[in-house]
Amino acid sequence: MKANLSDSTTIHFVLNGTERHAEVTGDTTALRLLRDTLNLKGTKEGCGIGECGACTIIVDGLAVNSCLLPAAQLDEREVQTIDGLGQKEQLHPIQEAFVENHAVQCGYCTPGLIMSTKALLDENAAPDDDAIKAAISGNLCRCTGYHHIFASVKAACGNKEEN
Ligand code: FES
Ligand code: FES
(Lines give C-alpha, C1' and ligand atoms only; values in the text may rest on other atoms or scores of the structure.)
(Ligands and ions follow the chains in the order given, each with its own letter.)
Protein backbone atom coordinates (compact mmCIF):
# COMPACT_ATOMS: atom_id res chain seq x y z
CA MET A 1 0.00 0.00 0.00
CA LYS A 2 1.25 3.48 -0.85
CA ALA A 3 2.31 5.71 2.07
CA ASN A 4 0.47 8.98 2.49
CA LEU A 5 2.08 12.24 3.55
CA SER A 6 -0.53 12.47 6.30
CA ASP A 7 0.33 9.03 7.69
CA SER A 8 2.05 9.36 11.04
CA THR A 9 4.99 7.45 12.32
CA THR A 10 6.86 7.43 15.63
CA ILE A 11 10.48 8.49 15.58
CA HIS A 12 13.07 8.01 18.33
CA PHE A 13 16.07 10.26 18.50
CA VAL A 14 18.48 11.94 20.89
CA LEU A 15 17.85 15.66 21.19
CA ASN A 16 20.44 17.78 22.99
CA GLY A 17 21.58 14.72 24.91
CA THR A 18 18.12 13.44 25.90
CA GLU A 19 16.26 10.52 24.34
CA ARG A 20 13.01 11.69 22.79
CA HIS A 21 10.22 10.28 20.70
CA ALA A 22 7.60 12.02 18.62
CA GLU A 23 4.74 11.33 16.25
CA VAL A 24 5.39 12.90 12.86
CA THR A 25 3.67 12.86 9.51
CA GLY A 26 5.43 12.62 6.17
CA ASP A 27 5.05 16.33 5.56
CA THR A 28 6.38 17.46 8.97
CA THR A 29 9.73 19.17 8.71
CA ALA A 30 12.35 18.95 11.45
CA LEU A 31 11.88 22.71 11.96
CA ARG A 32 8.13 22.33 12.61
CA LEU A 33 8.75 19.40 14.93
CA LEU A 34 11.23 21.41 16.98
CA ARG A 35 9.35 24.69 17.13
CA ASP A 36 5.70 23.60 17.11
CA THR A 37 5.61 20.15 18.68
CA LEU A 38 8.57 20.32 21.05
CA ASN A 39 8.27 24.07 21.73
CA LEU A 40 11.96 24.69 21.14
CA LYS A 41 11.91 28.17 19.66
CA GLY A 42 15.65 28.77 19.49
CA THR A 43 15.87 27.44 15.94
CA LYS A 44 14.56 30.19 13.67
CA GLU A 45 12.55 30.11 10.49
CA GLY A 46 13.67 32.61 7.87
CA CYS A 47 13.07 31.75 4.25
CA GLY A 48 11.66 28.25 4.71
CA ILE A 49 13.23 27.15 1.43
CA GLY A 50 16.80 26.31 2.32
CA GLU A 51 18.36 29.66 1.42
CA CYS A 52 19.12 31.54 4.66
CA GLY A 53 20.46 29.08 7.25
CA ALA A 54 18.44 30.56 10.13
CA CYS A 55 17.05 27.09 10.82
CA THR A 56 20.41 25.31 11.03
CA ILE A 57 20.64 22.35 13.40
CA ILE A 58 23.24 19.60 13.73
CA VAL A 59 22.26 16.04 12.83
CA ASP A 60 24.85 13.34 13.44
CA GLY A 61 27.56 16.00 13.39
CA LEU A 62 26.46 17.74 10.20
CA ALA A 63 24.93 21.21 9.98
CA VAL A 64 21.63 20.98 8.07
CA ASN A 65 18.71 23.24 7.22
CA SER A 66 15.88 21.95 9.36
CA CYS A 67 13.27 23.66 7.18
CA LEU A 68 14.03 21.21 4.37
CA LEU A 69 14.61 18.09 6.42
CA PRO A 70 11.66 15.72 6.87
CA ALA A 71 11.26 15.09 10.59
CA ALA A 72 10.97 11.37 9.88
CA GLN A 73 14.64 11.44 8.90
CA LEU A 74 15.60 12.27 12.48
CA ASP A 75 14.72 8.72 13.47
CA GLU A 76 17.66 7.09 15.26
CA ARG A 77 19.79 10.25 14.84
CA GLU A 78 21.56 12.51 17.27
CA VAL A 79 20.28 16.06 17.03
CA GLN A 80 21.70 19.26 18.51
CA THR A 81 19.94 22.59 18.51
CA ILE A 82 20.82 26.01 19.87
CA ASP A 83 18.49 25.34 22.81
CA GLY A 84 20.91 22.74 24.17
CA LEU A 85 24.05 24.79 23.78
CA GLY A 86 24.28 27.13 26.74
CA GLN A 87 22.36 28.80 29.52
CA LYS A 88 21.68 32.50 29.90
CA GLU A 89 24.04 32.61 32.88
CA GLN A 90 26.59 30.30 31.32
CA LEU A 91 26.98 30.76 27.62
CA HIS A 92 28.71 28.25 25.39
CA PRO A 93 32.17 29.55 24.30
CA ILE A 94 30.90 30.07 20.75
CA GLN A 95 28.01 32.15 22.05
CA GLU A 96 30.44 34.14 24.20
CA ALA A 97 32.64 34.77 21.19
CA PHE A 98 29.68 36.10 19.20
CA VAL A 99 28.72 38.46 22.03
CA GLU A 100 32.25 39.65 22.70
CA ASN A 101 32.92 40.30 19.01
CA HIS A 102 29.67 42.21 18.45
CA ALA A 103 28.31 39.70 15.92
CA VAL A 104 24.74 39.94 17.18
CA GLN A 105 22.53 42.77 15.99
CA CYS A 106 18.91 41.73 15.41
CA GLY A 107 20.03 38.21 16.29
CA TYR A 108 17.77 36.37 13.90
CA CYS A 109 20.63 34.69 12.06
CA THR A 110 22.63 34.01 15.22
CA PRO A 111 21.33 30.56 16.28
CA GLY A 112 21.94 29.19 12.80
CA LEU A 113 25.40 30.72 12.57
CA ILE A 114 26.36 29.36 15.95
CA MET A 115 25.21 25.86 15.02
CA SER A 116 27.16 26.01 11.74
CA THR A 117 30.19 27.16 13.73
CA LYS A 118 29.76 24.35 16.24
CA ALA A 119 29.55 21.71 13.51
CA LEU A 120 32.74 23.14 12.01
CA LEU A 121 34.70 23.27 15.27
CA ASP A 122 33.54 19.82 16.36
CA GLU A 123 35.08 18.46 13.19
CA ASN A 124 38.08 20.77 12.93
CA ALA A 125 39.29 22.63 16.02
CA ALA A 126 41.65 24.84 14.01
CA PRO A 127 39.95 25.69 10.72
CA ASP A 128 41.68 28.04 8.28
CA ASP A 129 39.91 31.09 6.86
CA ASP A 130 38.64 29.23 3.80
CA ALA A 131 37.14 26.48 5.95
CA ILE A 132 35.42 29.09 8.14
CA LYS A 133 34.02 30.90 5.11
CA ALA A 134 32.79 27.62 3.62
CA ALA A 135 31.16 26.56 6.90
CA ILE A 136 29.14 29.77 7.30
CA SER A 137 28.50 30.41 3.61
CA GLY A 138 24.95 29.09 3.91
CA ASN A 139 24.04 31.44 6.74
CA LEU A 140 22.77 34.84 5.64
CA CYS A 141 22.94 37.91 7.86
CA ARG A 142 21.20 41.13 6.88
CA CYS A 143 22.68 43.26 9.66
CA THR A 144 26.34 42.78 10.39
CA GLY A 145 28.19 42.64 7.08
CA TYR A 146 29.86 39.37 8.24
CA HIS A 147 33.10 40.94 9.51
CA HIS A 148 32.11 40.53 13.16
CA ILE A 149 30.74 37.07 12.53
CA PHE A 150 33.99 35.97 10.93
CA ALA A 151 35.95 37.46 13.84
CA SER A 152 33.69 35.59 16.27
CA VAL A 153 34.33 32.24 14.64
CA LYS A 154 38.06 32.95 14.68
CA ALA A 155 37.85 33.86 18.36
CA ALA A 156 35.83 30.74 19.12
CA CYS A 157 38.62 28.59 17.77
CA GLY A 158 41.26 30.56 19.65
CA ASN A 159 42.54 32.72 16.81
CA LYS A 160 42.40 36.47 16.77
CA GLU A 161 41.57 38.03 13.46
CA GLU A 162 44.59 39.84 12.06
CA ASN A 163 42.98 42.60 10.03
S1 FES B 1 14.54 28.88 7.13
FE2 FES B 1 15.69 27.13 6.58
S3 FES B 1 17.21 27.88 5.23
FE4 FES B 1 15.95 29.61 5.63
S1 FES C 1 22.21 39.98 13.15
FE2 FES C 1 20.38 40.46 12.06
S3 FES C 1 20.31 39.02 10.43
FE4 FES C 1 22.23 38.70 11.37
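Leaving aside neighbours within four places in sequence, T110 is in contact (heavy atoms within 4.5 Å) with F98 and V104. T110 belongs to helix α3, which spans residues 110-123. The residue is buried, with a relative accessible area of 8%, where buried means under 20%, exposed over 50% and partly exposed in between (1.4 Å probe, protein chains only). Helices (H or I, at least four residues) and strands (E, at least two) are DSSP runs, numbered from the N terminus.

The model is predicted: local features need pLDDT of at least 70 and side-chain atom pairs count only at pLDDT 80 or more, whereas totals for chains, interfaces and linings use all residues. Residues are numbered from 1 along each chain as its sequence is written, and side-chain values use heavy atoms, with hydrogens and water left out.

Five strands form an open sheet of mixed pairing, in the order β2-β1-β5-β3-β4. Its edge strands, β2 (18-25) and β4 (62-65), each pair on one side only. Neighbouring strands are turned by 40° against each other on average, direction ignored. Two strands pair if DSSP finds at least two bridges between them. Strand β1 (residues 8-15) runs antiparallel to β2, and eight bridges join the two. Within this pairing, S8 has T25 of β2 as its bridge partner.

Two helices lie across strands of the model. Helix α1 (residues 30-37) lies across β1, β2 and β3 (56-59), at about 80° to β1. Helix α3 lies across β3, β4 and β5 (78-80), at about 30° to β3. Axes are lines fitted to C-alpha atoms, for helices over the stretch in contact, and angles run from 0 to 180 degrees between N-to-C directions.

Definitions and conventions
Chains are lettered from A and ligands numbered from 1 in the order in which they are written.
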